[in-house]
Amino acid sequence: MKYWEVYESKIGPLTLLCDDEALLSIDFGRSEPNEAIKKRTGLIEKTISQLEEYMTGKRKNFDLPLKPAGTEFQKRVWDALLTIPYGETKSYKDIAVQIHNPKGCRAVGMANNRNPIPVIIPCHRVIGANGSLVGYGGGMDIKVKLLELECPDASACNY
């Protein structure tokens with residue numbers, strides 16, 4: 001069974017979707033996932049609590065069971081994103097090298113774009129090789145808010 005709930009966060013509404021075992025997705029905005037029941041389960045409650053702690057700067061790492069659906073390549077990219085420390089960024093090239101596919105920068109970008117659990121799988125921490133901020137599924141304004149949340153002193157950040 002799948003369950004969903006909308007969380008009104010500092011960056012706007014987030015639709016959370018989980019099953020009985022793990023968080024499956026976070027969508028920016030309000031949506032009503034197909035074949036799911038609107039219910040605030042214990043896992044959804046824990047996710048909301050951890051997101052609130054993150055949004056107020058009290059949490060740097062999430063401790064939630066995750067089950068993102070994707071290809072094996074996408075999952076390798078998303079696992080690599082989970083290794084980017086809070087307040088730091090990496091380039092698409094860095095991630096491509098980390099997953100042993102140094103020429104796969106564009107594919108890394110596409111996997112980043114398809115990340116079903118943004119914020120928790122921190123695709124917002126991936127930037128261009130020249131330090132520029134590049135696209136984000138939730139919009140550039142949200143990417144900037146998340147990066148500023150993690151690194152309030154922009155002059156000390158590498159973007």
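This is a predicted model: local features need pLDDT of at least 70, side-chain atom pairs count only at pLDDT 80 or more; totals for chains, interfaces and linings use all residues.
Me: Let's start with the overall layout: what pattern of helices and strands does the protein follow along the sequence?
Reply: Happy to begin there. The protein has five helices and six strands. Read from one end of the sequence to the other, they come in the order β-β-β-β-α-α-β-α-α-β-α.

Me: What is the radius of gyration of the protein, and why does it count as compact?
Reply: The C-alpha atoms fill a box of roughly 45 × 35 × 25 Å along the principal axes. For 159 residues the globule rule gives 15 Å, and the protein comes close to that, so it is as compact as a globular protein of that length. The radius of gyration is 15 Å.

Me: What share of the residues in the protein is buried?
Reply: The accessible surface comes to about 8300 Å², with 50% of it belonging to carbon and sulfur atoms. Among contacts with a separation of 6 or more, 56% join residues 24 or more positions apart. As for burial, of the 159 residues the buried ones make up 47%.

Me: How many disulfides are there in the structure?
Reply: A disulfide is a covalent bond between the sulfur atoms of two cysteines. The closest cysteine sulfur to that of Cys-18 is in Cys-123, and at 20 Å it is too far for a bond. For Cys-123 the closest is in Cys-105, at 17 Å, again too far for a bond. A search of the whole structure gives a count of zero.

Me: Are Cys-18 and Cys-123 buried or exposed?
Reply: The cut-off for buried is under 20% relative accessible area. Cys-18 has 1% relative accessibility, and Cys-123 has 5%. Both values fall under that cut-off, so Cys-18 and Cys-123 are buried.

Me: What do the end C-alpha atoms of helix α1 say about its span?
Reply: Helix α1 runs over residues 42-55, which is 14 residues. At 1.5 Å a residue, the helix should span 20 Å. The distance between its end C-alpha atoms agrees with that, at 20 Å.

Me: Which elements do the buried residues of α1 pack against?
Reply: The buried residues of α1 include Leu-43, Ile-44, Ile-48, Leu-51 and Met-55. Just after this helix, Gly-57 takes a positive phi of about 80°. The packing partners of the buried set are β1 (3-9), β2 (12-18), β3 (23-28) and α5 (140-150).

Me: Why do the buried residues of α4 line one face of the helix?
Reply: The buried residues of α4 (residues 105-113) are Val-108, Ala-111 and Asn-112. Seen down the helix axis, these buried residues fall within a limited arc, so they line one face. Arg-106 and Asn-113 are exposed on the other side.

Me: Glu-35 and Val-119 each have a positive phi without being glycine; which of them is buried and which is exposed?
Reply: Most residues other than glycine have a negative phi. Glu-35, in the loop between β3 and β4 (37-38), has a phi of about 55°, while Val-119, in the loop between α4 and β6, has a phi near 75°. With a relative accessible area of 76%, the exposed residue is Glu-35; at 2%, the buried residue is Val-119.

Methods:
Residues are numbered from 1 along each chain as its sequence is written. Side-chain values use heavy atoms; hydrogens and water are left out. A disulfide is a pair of cysteine sulfur atoms within 2.5 Å. Buried means under 20% relative accessible area, exposed over 50%, partly exposed in between (1.4 Å probe, protein chains only). Helices (H or I, at least four residues) and strands (E, at least two) are DSSP runs, numbered from the N terminus. The arc is that of the directions from the helix axis to the C-beta atoms. The radius of gyration is taken over C-alpha atoms; the globule rule is 2.2 Å times the number of residues to the power 0.38. Contact means heavy atoms within 4.5 Å. Accessible areas come from the Shrake-Rupley method with a 1.4 Å probe; for residues, only the protein chains shown count as cover. The expected span of a helix is 1.5 Å times one less than its number of residues.
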